[in-house]
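Please keep the sequence and the 3D view open while reading the sections below.

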Amino acid sequence: MSEGERTRVAIACQGGGSHTAFTAGVLKGLFREWDDADELVGISGTSGGAFNALAAWYGLVTADMERSIELLDALWEDLAADSVSDRLANNWVVGLSRIESSGFPAPQLSPYLTPGSTVGKNRIKRVLERHIDFDAVPDLCRRDTPELVVGTVNINAGIFETFTNEDVTPEAVLASAAVPHLFEAVEINGHYHWDGLFSQNPPIDDLMTVDADRKPDELWVIQVNPQEREGEPTSLEAIADRRNELSGNISLNQELRVIERVNEWVDAGHLPEGEFTRTEIHRIPMGRAYHCSTKVDRSPEFIQELTTLGERRAEEFRARL
C-alpha cells in the first residue's frame, strides 16, 4: 500500500440473537475512535448482526459515524423488553429455552399456530421502519458508500441467499432473523426464507467479490460465538451450548479459510500480481461464554451488559492494531 493511501476495511457481524447487542457495542466503540486512515468499504450481518449492520450503514451514509452510534443505541433500546408485559413474556421465553436445553420435555407449537410469531415479527418490522427509511435505501447506495449485505437461507432452493445494497428491504432483514421455531418464514420473490444462522454467518464472500479498488485490505469479524472451549461437554446443557456455538461458527470458518488460502497463494506467487491481493483477517471475539438460552434474553440489563462488553472489546482491539 502506497504512503498516504487509506486502508480499506470491511466489517462482518455474526448473528446470535440478543448476544448481538455485543456487536452493537463493538461497532459503537470502533466508530467512536475511528482512524481516518481507515475507509469502511463494506459491512455485512446475519440475524441480529444484520440489524446492527443496517443501522451502522444507514447512519453513516445519511450523516456520519456519530449518527450510526445514535441509531444503534435507539434500535436496541426499542428491542429491549422494557414494559411489564414484555418483561414477563421475555422471562417466559428465556425460561422455556433453558428448560429445553436441559433435556426436559416442554410444550412446543409451530410458529404458524401461535399469535406470538406474528406479534414478534410485526414488532421488529415497526422498530426497523421507525429508524430506517427503506424507501431511501436505493438512492443511498452509491459507488462511494460501503457495501451492505444481509444473509438469509432460501428454504425452497436450499441455498444461501444474500441481499445487498438496494435489495435490503424490511422483508430481507426480517428473513435474516426468522428463527424457524419462533417465526414464520418470510416470502421474498416467490421463495421462503429463514434465519441467516443457517447460512453465511456472517456473509463474507459478497464483501470480497467487489471491484478491485473496493476490495478490503482488512476484514474485521465481530464474533459472538466462542471459537474454542476447554474440556468435554457432558451435561445436556453444556452439549446444547456447544452445539449452538459450533453451528454458528461453521460457515464463518469455511469462508475465512477461503480468504486464508488466497492469501497463501498470493504469498507464494501463484496468482497474477495486481489482480489478487491479501486481505488480513482480524477477529473481535466476545471472549465470554453465556448459556445458549440467553440468546433470546431481551432484558435491558442484559442488553446493557453486552453492549458495555462490546465497547470494551473494541477498545482492546484498537490497542492491538
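## Terms and model

Helices, as the word is used here, are DSSP runs of H or I with at least four residues, and they are numbered from the N terminus. The structure is a predicted model, and the values given in the following sections should be read with that in mind.

## The second largest pocket

The second largest pocket holds about 210 Å³ of space. Two elements, helix 8 (205-208) and helix 9, each give two or more residues to its lining, and helix 9 supplies the largest share, five residues.

In total, 13 residues line this pocket, and those that lie nearest its centre are Asp205, Met208, Val258, Ile259 and Val262. Sorted by class, the lining of the second largest pocket consists of six nonpolar, four polar and three charged residues.

Thr279 is placed in the loop that runs between helix 9 (236-268) and strand 8 (280-285). Is this residue buried or exposed? Thr279 has a relative accessible area of 0%, and because buried means under 20%, it counts as buried.

The side chain of Thr279 makes a polar contact with the side chain of Lys215 at 2.7 Å, and it also reaches the backbone oxygen of Pro216 at 2.9 Å. When residues up to four places away in sequence are not counted, Thr279 touches Met208, Lys215, Pro216, Asp217, Glu218, Leu219, Ile259 and Asn263. Among these contacts are Met208 and Ile259, two residues that are also listed with those nearest the centre of the second largest pocket.

## Enclosed cavities

A search of the whole structure finds two cavities of 30 Å³ or more. The largest cavity has a volume of about 80 Å³, and of the 13 residues that line it, His19, Pro226, Glu245, Tyr290 and Lys295 are the closest to its centre. Its lining is made up of six nonpolar, three polar and four charged residues.

The second largest cavity contains about 40 Å³ of space, and its lining is formed by Lys121, Ile124, Leu174, Ala177, Ala178 and Phe183. By class, that lining divides into five nonpolar residues, no polar residue and one charged residue.

## Helix 1

The buried residues of helix 1 include Ala21, Phe22, Val26, Leu27, Lys28 and Phe31.

## Two further buried residues

Thr152 is found in strand 3, which covers residues 147-154, and at 0% relative accessibility Thr152 counts as buried. A polar atom of the Thr152 side chain lies 2.9 Å from the backbone oxygen of Glu161.

Gly59 is found in helix 2, residues 48-62, and at 0% relative accessibility Gly59 counts as buried. Leaving aside neighbours within four places in sequence, Gly59 is in contact with Asp64, Arg67, Ser68 and Leu71. The C-alpha atoms of Gly59 and Glu70 are separated by 8.1 Å, and these two residues are 11 residues apart along the chain.

Key: Residues are numbered from 1 along each chain as its sequence is written. This is a predicted model: local features need pLDDT of at least 70, side-chain atom pairs count only at pLDDT 80 or more; totals for chains, interfaces and linings use all residues. Side-chain values use heavy atoms; hydrogens and water are left out. On a 1 Å grid over the protein atoms alone, a cavity is a set of points where a 1.4 Å probe fits but cannot get out, and a pocket is an open set with protein on both sides within 12 Å along at least five of seven lines; lining residues have an atom within 4 Å of a point. Grid points are joined across faces, edges and corners, and a volume is the space filled by probe spheres set on the points. Ala, Val, Leu, Ile, Met, Phe, Trp, Tyr, Cys and Pro count as nonpolar, Asp, Glu, Lys and Arg as charged, and the others, Gly among them, as polar. Buried means under 20% relative accessible area, exposed over 50%, partly exposed in between (1.4 Å probe, protein chains only). A polar contact is a pair of N or O atoms within 3.5 Å; within protein, one must be able to donate a hydrogen and the other to accept it, and residues adjacent in sequence count only if both atoms are side-chain atoms. Contact means heavy atoms within 4.5 Å.
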